[in-house]
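Thanks for coming, everyone. I would like to walk you through one structure, part by part, so please have a look at the sequence and the model before I go on.

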Amino acid sequence: MNALAAYADPAGLPATATHRFARLLNLDESEHLDEIAFAHMVSDGLPVSSVAALGELVGRARIEGRVASEATLHRCRKSGRALSRSHSERVYGVARVLDAVGTAFHGDVQRIRDFLLRPHPLLGGESPLDLALASAPGADAVLNLVWRAEAGVAV
C-alpha cells in the first residue's frame, strides 16, 4: 500500500509524527526511533533511499534532481554515503508536508497529488511541492496553509 494511502485509516498509522515520517521515507520504524534519534539521523544524513521513497509517492522526476542533483544522488548511491545535512533537511521538510497533507486529505492519493502539484494563490502562485522543496520556510508556509484549512480558516 502507498504510504500516503495509509492515511485513509488513521488507526493504522503510527502514533508519533517521527514514525509517520519514517514510514514516508521508508526508514526503520523501530521502537528506538524517537524524536532525538530522528533529529540525529537527519543531521547525520538520511539514506539516499529516502529520496527514492518520496519519488514513489509524488513522482520521481518531481523529487530527484530537486532535493539534490542527479549527480549527487548517483555518487551517494554508488559510494553508499548518506545525504548531506542540507539535503536531508529538505527531504525532512517534504516528509512533514506529506504527513500534513495525507492527514488533511484522509489518504486520498489523487487529491493529495492534485493539491501538491497545482499552483496555489495563497502560496504566491507556486505549487505546494515546489515551495516545500525550495526551503524550510517554504515547507512551513505550506504546513501553515494546510493547518489553517483544517482549522476551518478560509484559505
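This is a predicted model: local features need pLDDT of at least 70, side-chain atom pairs count only at pLDDT 80 or more; totals for chains, interfaces and linings use all residues.

Glutamate 64 has a relative accessibility of 11% and therefore counts as buried, where buried means under 20% relative accessible area, exposed means over 50%, and partly exposed lies in between, with a 1.4 Å probe and protein chains only. Residues are numbered from 1 along each chain as its sequence is written, and side-chain values use heavy atoms, with hydrogens and water left out.

Which side chains meet glutamate 64 in a salt bridge? One is arginine 60, at 3.1 Å from N to O, and another is arginine 77, also at 3.1 Å from N to O; a salt bridge here is a side-chain nitrogen of Lys or Arg within 4 Å of a carboxyl oxygen of Asp or Glu. Arginine 77 sits in helix α5 and glutamate 64 in the loop between α4 and α5, 13 residues apart, with helices taken as DSSP runs (H or I, at least four residues) and strands likewise (E, at least two), numbered from the N terminus. Arginine 60 is exposed, at 56% relative accessible area, whereas arginine 77 is partly exposed at 39%.

Let me turn to the aromatic rings. There are four aromatic pairs, counted when the ring centres of Phe, Tyr and Trp (its six-membered ring) lie within 6.5 Å, with planes under 30 degrees apart called stacked, over 60 edge-to-face and the rest tilted. Phenylalanine 21 and phenylalanine 38 have their ring centres 6.2 Å apart and their planes at 40°, so this pair is tilted; phenylalanine 21 belongs to helix α1 and phenylalanine 38 to helix α2, 17 residues apart. Both phenylalanine 21 and phenylalanine 38 are buried. Phenylalanine 21 also pairs edge-to-face with tyrosine 92, at 5.6 Å centre to centre and 85° between the planes, and tyrosine 92 lies in helix α6, 71 residues away. Together, Phe21, Phe38 and Tyr92 form one aromatic cluster.

Tyrosine 92 is partly exposed, at 27% relative accessible area, and Tyr92 is among the residues lining the largest pocket, together with others including Arg90, Arg96 and Asp140. Which helix gives the most to this lining? Helix α6 does, with six residues, and the lining divides into five nonpolar, three polar and four charged residues.

Finally, helix α3 (residues 49-58) is mostly covered, with seven of its ten residues buried, among them Val51, Leu54 and Leu57. The buried residues of α3 pack against several helices, including α1, α5 and α8, and just after α3, glycine 59 takes a positive phi of about 110°.

Note on methods:
On a 1 Å grid over the protein atoms alone, a cavity is a set of points where a 1.4 Å probe fits but cannot get out, and a pocket is an open set with protein on both sides within 12 Å along at least five of seven lines; lining residues have an atom within 4 Å of a point. Ala, Val, Leu, Ile, Met, Phe, Trp, Tyr, Cys and Pro count as nonpolar, Asp, Glu, Lys and Arg as charged, and the others, Gly among them, as polar. Contact means heavy atoms within 4.5 Å.
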